[in-house]
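Here is a friendly walk through a two-chain model, written to be read with the structure open beside you. Keep the viewer handy as you go.

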Amino acid sequence: MIETLQFYLSYPFVRYALIVGTLIALCSSLLGVTLVLKRFSYIGDGLSHVAFGALAIGTIFDLTSTSIVVMPVTVIAAVLILRTGQNPKIHGDAAIAMLSVGSLAIGYLVMHLFSTSANISGDVCSTLFGSTSILTLTKAEVWLCVVMSVVVVAVFVVLYNRIFAVTFDENFAKATGVKTNLYNTLIAVITAVIIVLAMNLVGSLLISALIIFPALSAMRVVQNFKGVVIYSTVISVFCALFGIVVSILFSTPVGSTIVAADIVMFGVNCLVGKILGK
Amino acid sequence: MSYIKCENLILGYEGVPVAQNISFDVRKGDYLCILGENGAGKSTLMKTLLGLTSLMGGSILYGDGLEGYEIGYLPQQTFVQKDFPASVWEIVLSGALSKCGRRPFFGKEEKELAEQNLRRMDIWELKRECYRNLSGGQQQRVLLARALCASSKLLVLDEPVTGLDPKATAEFYQLIKDLNNEGLTIIMVSHDIHAAVKYASHVLHVEKEQSFFGTAREYVKSDFWKDIGGDVQ
């Protein structure tokens with residue numbers, strides 16, 4: 001088995017997949033803790049569907065790099081979802097549900113009407129579940145991912161204390177002069193960026209899992225915020241690497257294997273939490 | 001000079017006024033209780049003082065060396081906080097964030113302030129505990145220590161004894177009174193009218209049209225006191 005792994009690792013596309021997988025897992029779990037605690041778990045889901053719609057439109061215009069379309073559209077959607085979430089007349093969950101199923105439908109419709117490819121359902125399936133795209137990354141896409149991940153991690157570390165304040169108690173933070181709207185928008189924008197990057201890895205349907213499972217697992221066991229953030233990134237990176245390796249060795253779909261690993265990890269942590277009596 | 005001077009405030013949200021003709025002032029060392037029926041605008045008034053809601057009319061002046069952001073705030077517990085995985089130390093330290101200015105991380109000064117307030121609230125030994133595992137009274141002490149990190153001048157408390165048992169309630173009122181005796185100015189939104197007149201120096205009774213503002217002694221002699229159902233003394 002080790003020999004097979006070494007054989008695969010000699011291919012650059014496998015190494016790219018491992019690098020990108022690690023980085024995406026790291027970034028998504030960093031933000032995941034905040035999103036889960038702020039009751040924004042579904043933002044990930046909604047945005048990923050928006051990204052799917054944007055991707056479909058990018059594909060029909062035959063753009064070489066669809067990120068040019070997908071990234072800005074998703075970022076704008078993130079800001080919009082956040083704004084409507086604060087509007088008491090339209091509830092946040094309804095807004096997200098509307099946007100998410102709407103873009104899913106439009107995306108599939110557009111793909112069906114204008115697609116030049118012979119295998120539409122194959123295309124759709126790989127966009128939704130990311131079945132192969134992680135193994136077909138170009139060098140440029142890997143670099144884009146590396147740069148974005150460095151930016152996300154740097155922003156998170158520098159603003160860590162503010163993000164904690166805004167997550168724990170937005171009103172208190174605002175009353176003591178923290179610019180809460182700015183940080184909320186920033187969190188939404190970073191989430192959008194991560195989702196667009198993560199589409200390559202697990203596809204748009206499974207991104208939420210990558211965001212929420214490591215955070216929920218960590219919260220079962222660890223009792224302070226910094227610990228939860230650190231432990232959830234460890235879990236997330238481990239599951240991503242494990243999932244990619246397993247999927248290469250046993251030729252299972254990458255995205256769902258990673259998510260399955262995350263689910264098992266969640267179960268294990270629930271058990272540990274119970275045993276520790278917390 | 002007053003810390004806060006409010007004149008002819010009109011309170012409301014989304015363009016609908018809730019209460020008007022509210023005038024009062026808060027001086028250094030005062031203990032003001034804000035009373036009134038549900039929906040009379042108590043919470044809106046408090047949010048306006050904290051700058052969370054914008055004013056619909058009238059004026060608020062901050063003076064006597066108090067800046068608008070130098071207000072320590074003890075909010076009602078939100079549902080997010082019930083299962084929040086954060087240690088007592090992390091929460092109390094977050095109160096000192098405004099002292100950091102543009103620095104991204106906490107310095108020695110902020111950490112000393114947090115330690116000092118944890119000791120002051122007698123919860124130093126709980127600093128590694130997880131917030132969600134504490135009792136209601138302990139949680140209030142944690143949030144109070146955080147508020148004290150944000151301001152050493154003025155505290156605003158929003159129905160702080162909600163959900164506390166009678167013993168914890170009595171302890172909490174005593175704690176606030178002690179802070180007030182040490183020179184801290186207190187503004188408390190409350191439903192507990194008898195505790196209000198027992199501990200507070202001043203009372204603001206918010207009503208839709210005309211509100212009462214005066215000392216606690218004047219208040220128990222007024223019609224407002226009878227209307228809200230206070231014991232005649």
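Among contacts in chain A between residues at least 6 apart in sequence, 73% link residues at least 24 apart; two residues are in contact when their C-beta atoms, placed from the backbone, lie within 7 Å. The model is predicted: local features need pLDDT of at least 70 and side-chain atom pairs count only at pLDDT 80 or more, while totals for chains, interfaces and linings use all residues. Residues are numbered from 1 along each chain as its sequence is written, with chains lettered from A and ligands numbered from 1 in the order in which they are written.

Chain A has 13 helices and zero strands. Helices (H or I, at least four residues) and strands (E, at least two) are DSSP runs, numbered from the N terminus. Of the 278 residues in chain A, 49% are buried. A residue is called buried if 20 or more other C-beta atoms lie within 10 Å of its own, exposed if 12 or fewer, and partly exposed in between, with C-beta atoms placed from the backbone.

Start with Tyr8(A), which sits in helix α1 (residues 2–9) of chain A. Apart from its neighbours within four places in sequence, Tyr8(A) contacts Val14(A) and Ile248(A).

Next, find helix α8 (residues 160–168) of chain A, where eight of the nine residues are buried. The buried residues of α8(A) include Arg162(A), Phe164(A) and Phe168(A).

## The sheet of chain B

Chain B holds an open sheet of six strands in the order β5-β6-β7-β3-β8-β9, with mixed pairing. Two strands are said to pair if DSSP finds at least two bridges between them. The edge strands are β5 and β9 (212–215) of chain B, each of which pairs on one side only. From one strand to the next, the twist averages 15°.

Helix α4 (residues 136–150) of chain B lies across β5 and β6 of chain B, at about 165° to β5(B). For these angles, axes are lines fitted to C-alpha atoms, for helices over the stretch in contact, and angles run from 0 to 180 degrees between N-to-C directions.

## Domains of chain B

How is chain B divided? The domain assignment gives domain 1 (28–55 + 153–233) and domain 2 (78–151); such bounds come from an automatic or database domain assignment. The centres of the two domains, taken over C-alpha atoms, are 24 Å apart. Nine residues of domain 1 of chain B are in contact with five residues of domain 2 of chain B. On the domain 1 side, α5(B) gives the largest share, three residues.

## Where the chains meet

The contact between the chains takes 23 residues from chain B and 25 residues from chain A. On the chain B side, β5 (71–74) and α2 (88–94) each supply at least two residues, and α2(B) provides the largest share, three residues. That side has 17 nonpolar, five polar and one charged residues. Here Ala, Val, Leu, Ile, Met, Phe, Trp, Tyr, Cys and Pro count as nonpolar, Asp, Glu, Lys and Arg as charged, and the others, Gly among them, as polar.

## The nonpolar core

The largest nonpolar core has 157 residues, of which Ala51(A), Ala198(A), Ile34(B), Val92(B) and Val156(B) touch the most other members. Such a core is a set of buried Ala, Val, Leu, Ile, Met, Phe, Trp, Tyr and Cys residues joined through C-beta atoms within 7 Å. Both domain 1 and domain 2 of chain B give residues to this core, so the core lies between them.
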